[in-house]
Amino acid sequence: MHAAIDDFLRGLAGHASPATLDAYRRDLAALAHFLEAHDIDDWSTLDVALVRRFLGAERTRGLAPRSLARRRAALSRFADHLVRSGVLAHNPVALTQTPRQPRHLPRPVDVDQLSRFLDTPHDDTPLGVRDQAMLELFYSCGLRLAELTALDITDLEARRVRVVGKGSKPRQMPLGGRAQVALAAWFKVRGQLADAEERALFVGQRGVRLGHRAVQKRLVHLARERGLPEHLHPHRLRHSFASHLLESSQDLRAVQELLGHANLSTTQVYTRLDWQHLADAYDQAHPRARRHETSGDG
């Protein structure tokens, strides 16, 4: 059974991120373990009842709805692979429902608080200069963590950065003035850390590309060191970027493009629209929103 999983993951490796592969490997290993515990050792017996029993057992075990949804997605793609391989006649996972997802929006950092945090002087060491460049780039462009760590030095131009987002979808982002200054400072000292042949934009003390966990740890450390009374992680900076931009511009389509969302509905859920801004926009734009004074005796 594990050989079939390995075969599926090898085929997926060409167009999926390492993080996706790791998650799918864990999800499918959990399914294989469940089936083996029930003396099932043949994928051809996988049916709707077994899939529902497995997902139900995972829910009982305390798996969060988001994790359950991802687990079901992994099972469905694997089942498609088994159909193509002739092991199954149809995909039984397609007949099950995705667990309902609670909509938990991260709270954006207050714009003034975030400005003070970003403007706090650092120690001018290469690591301090690097961290400042990462912070400014996160907030200037609203990048995902994976997008920032994947950047190469060749992805940067004078006033823009090329990013490859989810689904290998490329987009170009304008660089804010503060980010341009911070990146220029980083390029002056990057050679003190980076190996000669290293293409990664951001590197660690060993001279090679920074990983996801290292960046997350640096953000937590910087928030504590600079006195930001908030838990800081890359997604909060991305959400703050979107919320602050939307509050100022009221241009949901532009924010959608900058975030790299395929559907506008994703942006509507992702961003926290301020009610007063919506009410003001309605009052200013809708032809029937305001009362018009009428003349005459009535």
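**Close-up views of a predicted model**

**View 1. His235 is found in helix α10, which spans residues 234-249.** The model shown in this and the following views is predicted. His235 counts as partly exposed because its relative accessibility is 35%, whereas buried would require a value under 20% and exposed one over 50%. In the UniProt record, an unreviewed entry, His235 carries the annotation "active site". The annotation also covers Arg144, Lys166, Arg238, His261 and Tyr270. Such annotations may be inferred rather than shown by experiment.

**View 2. The protein as a whole, as a setting for the close-ups.** The chain has 298 residues, and buried residues make up 42% of them. Its secondary structure consists of 13 helices and two strands. The accessible surface comes to about 17300 Å², and carbon and sulfur atoms account for 51% of that area. Taking contacts between residues at least 6 apart in sequence, 58% join residues that are at least 24 apart. A search of the whole structure finds 16 salt bridges, and the structure also holds four aromatic pairs. Several of these pairs are described in the views below.

**View 3. Asp27 forms a salt bridge with Arg71.** The closest N and O atoms of Asp27 and Arg71 are 2.9 Å apart. This pair links distant parts of the chain, with Asp27 in helix α2 (residues 18-37) and Arg71 in helix α4 (residues 65-84), 44 residues apart. Are Asp27 and Arg71 buried or exposed? Both residues are buried. For Asp27 the relative accessibility is 0%, and it therefore counts as buried. In general, side chains of opposite charge can pair when their charged atoms come close.

View 4. Which residues does Asp27 touch, leaving aside its neighbours within four places in sequence? Asp27 is in contact with Phe54, Arg70, Arg71, Ala74 and Leu75. Salt bridges link Asp27 into a network together with Glu58, Arg61, Arg70 and Arg71.

**View 5. Arg130 and Asp131 meet in a salt bridge through their side chains.** The N to O distance for Arg130 and Asp131 is 2.8 Å. Arg130 has a relative accessible area of 3%, so Arg130 is buried. Asp131 counts as buried because its relative accessibility is 1%.

**View 6. A salt bridge joins Glu147 and Arg171.** The closest N and O atoms of Glu147 and Arg171 are 2.9 Å apart. Glu147 lies in helix α7 (residues 145-149) and Arg171 in strand β2 (residues 170-174), so the pair ties together parts that are 24 residues apart in sequence. Glu147 is buried, as is Arg171.

**View 7. Phe8 and Phe78 form an edge-to-face aromatic pair.** The two rings are 5.5 Å apart, centre to centre, and the angle between their planes is 70°. Phe8 lies in helix α1 (residues 2-12) and Phe78 in helix α4, and the pair links these distant parts of the chain, 70 residues apart. Phe8 counts as buried because its relative accessibility is 5%. Phe78, at 0% relative accessibility, therefore counts as buried too. Which residues do ring pairs link into a cluster with Phe8? Phe8 is joined in the cluster by Trp43 and Phe78.

**View 8. Leu82 lies in helix α4.** Leu82 counts as buried because its relative accessibility is 2%. Leaving aside neighbours within four places in sequence, Leu82 is in contact with Trp43, Val87 and Leu88. Leu82 and Trp43 are 39 residues apart in sequence, and the distance between them in space is 8.0 Å, C-alpha to C-alpha. Trp43 is also one of the residues in the ring cluster of the previous view.

**View 9. The charged end of Arg226 sits over the ring of Phe117.** How far is the charged end of Arg226 from the centre of the Phe117 ring? The distance is 5.3 Å.

Terms used:
Residues are numbered from 1 along each chain as its sequence is written. This is a predicted model: local features need pLDDT of at least 70, side-chain atom pairs count only at pLDDT 80 or more; totals for chains, interfaces and linings use all residues. Side-chain values use heavy atoms; hydrogens and water are left out. A salt bridge is a side-chain nitrogen of Lys or Arg within 4 Å of a carboxyl oxygen of Asp or Glu. Helices (H or I, at least four residues) and strands (E, at least two) are DSSP runs, numbered from the N terminus. Buried means under 20% relative accessible area, exposed over 50%, partly exposed in between (1.4 Å probe, protein chains only). Rings of Phe, Tyr and Trp (its six-membered ring) pair if their centres lie within 6.5 Å; planes under 30 degrees apart count as stacked, over 60 as edge-to-face and the rest as tilted. A charge sits over a ring if NZ of Lys or CZ of Arg is within 6 Å of the ring centre and within 35 degrees of the ring normal. Contact means heavy atoms within 4.5 Å. Accessible areas come from the Shrake-Rupley method with a 1.4 Å probe; for residues, only the protein chains shown count as cover.
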